[in-house]
Amino acid sequence: MIPSKIFVLAFFPLAWAASPRVKIGKTTFKGREVTQLKQDFFGGIPFAQPPLGNLRLKPPVPQTTLNVSQFDASNFGLACPQPGFQAELMSEDCLTINVLRPSGLSPHAKLPVLFWTYGGGFQVGASSLFNGSTIVARSVSRGTPLIYVNFNYRLGPLGFPQGQEADNKGALNLAIKDQLAALEWVQANIGHFGGDKRKVTVFGESAGSIMTSILFLGNRIEKLARAAIFESGQAATSFTFTAARREGNWQNFVRGVASCSSVATSNNTFSCLQAANSTEIIQGLLTGIAKAPEEFGFEPTFDGPNGLYPDLASNLISKGQFARLPFIAGTNLDEGTGLIPLDISSEDALRQFVIANFTPQVAGVRNLDSAVDQLFKLYPNDPALGSPFNTGNETFGLSPVFKRASAMFGDIVFASQRRFWSDAASQAGVKTFGYLFTEPQPGLPPALGVTHTSELNFVYGVVPNPGESAAKVSSAMIDYWVSFATSLDPNDGRGSSRPEWPQYTPKNRVLMQLNGANLTAIPDDFRQQQIAFINSVPLTWHHRRFQV
């Protein structure tokens, strides 16, 4: 989940020179050298067959080798279809993967791997937006070199089909299956680039973190990675339903495909959609996303007992059905501000907003009014208690309801789920670390505070015009992330001077506050009563399925 209106990540361009080469099977991949950083880039490599024609709306067909002698891997591949991208920069043939490594590695180097999954509300995003050069450069300078990998996955109705027909055909959560196929490509091929397939750390933000978290359910990730970093997203962060709940969204998509519009309500749309041309399909995707009544109308769905997402996360975790891999998990101070309409102005509107987003479609919810009443008592209409936090009675020219709503949603969707995962994992003996990112964001409107996505530029080392505090926390974050990816501990003592990050345990529930002016460990007890209530009635917030 990522509000595209505040997505401000930007990267410096790469300068290219020589052409490094890697041979896999009979194919020689020709990359480019990032000369000023002494790095090799290989991009646009297919990891699955193009999801076109009869393969459209189907799980990816993995492709770990190519049937050509030469492949130009000197640039990123095209982005998957999405709103806001230039037409010539996107294509349905988008399932490609990219590798960035220190220059001149031998196949025997066996470096750890950082594998990135981007966010974007499951409907926007591209691997080309995330240049890992600074991360790789820092890993080398601190003496713990690693390889950075990222990839593209299908978006909107092509990545997350909705409706009963998609459920019947087993065509759900296709983008998460794209993610699995990309990880399988890493297992098959990263050794040719000098990486160690046994030392893969998966990390992602927002939708990318949610997708990665879903792979932790049912232990599907354990053969593909050894650790994870979750930035602002756990499995239950998205508003998860059965696919039938969003039948209308699917019909809007099909209506937007000119040659298939007449069959939109037939529950027999796939054959027509697979025969349509890409221009029509992309127009349908744009139409379906634009007409969805929710901000994010195409999200992960429950997909049955043998699926990737068979049940709500809290049910599976309570049964011990999750991967026991070490992880870092954190959130930003004001996650909710980017999800709330700026013009919300009445308690009644807020109440309807809560009900519309969470409760009416979940069978078996009892005492709904009581739960919402209690939520409103715990989040009173006092600007000093609202989000952006620590801003007193300032309302930034908005109704105080905005700060109240932002606090509620940030906790329901992000903070409560991070705390739930940290608690459950630590009680199961998993090595885990938590953070709260609080670095001020002077480049954003003050009403957003330290909002969703704010940490991204800091992780990637591309903070625009950083002051002393911003530069300090960005440096520390990269060192913590690289240290964890290479040693399974953020505290390897290398790189920048930074505080010891305590492990999160049942007896020491503590977070690292990521703030350059006050980089320190803090107790994980903020809004204890509010978050405890949210997690005590998980069914109400779609965090747990009702059991009859």
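Modeller: The radius of gyration is taken over C-alpha atoms, and the globule rule is 2.2 Å times the number of residues to the power 0.38. The model here is predicted.

Biologist: What radius of gyration does the chain have, and what would a compact globule have?

Modeller: With 548 residues, the rule puts a compact globule near 24 Å; the chain has 23 Å, so the two agree. Along the principal axes, the C-alpha atoms fill a box of roughly 65 × 65 × 45 Å.

Biologist: What share of the contacts links residues 24 or more positions apart?

Modeller: Count the contacts in the chain with a separation of 6 or more; 75% of them join residues 24 or more positions apart.

Biologist: How many helices and strands does the chain have?

Modeller: There are 15 helices and 16 strands.

Biologist: At what angle do the axes of H12 and H15 cross?

Modeller: Angles of 65 to 115 degrees count as roughly perpendicular. The axes of H12 (residues 400–427) and H15 (residues 528–536) cross at roughly 85° and come within 10 Å. The two helices are therefore roughly perpendicular to each other.

Biologist: Which residues make the contact?

Modeller: H12 contributes Asp411, Ile412, Ala415, Ser416, Gln417, Arg419 and Phe420. From H15 come Gln528, Ile531, Ile534 and Asn535.

Biologist: How do the residues of that contact divide into nonpolar, polar and charged?

Modeller: Five are nonpolar, four polar and two charged.

Notes:
Residues numbered from 1 in each chain as written. Predicted model: local features only at pLDDT ≥ 70, side-chain atom pairs only at ≥ 80, totals over all residues. Heavy atoms only, no water. Axes fitted to C-alpha atoms, helices over the stretch in contact; angles between N-to-C directions. Helix = DSSP H or I, 4+ residues; strand = E, 2+ residues; numbered from the N terminus. Parallel < 35°, antiparallel > 145°, perpendicular 65-115°, else oblique. Contact = heavy atoms within 4.5 Å. Nonpolar A, V, L, I, M, F, W, Y, C, P; charged D, E, K, R; others polar.
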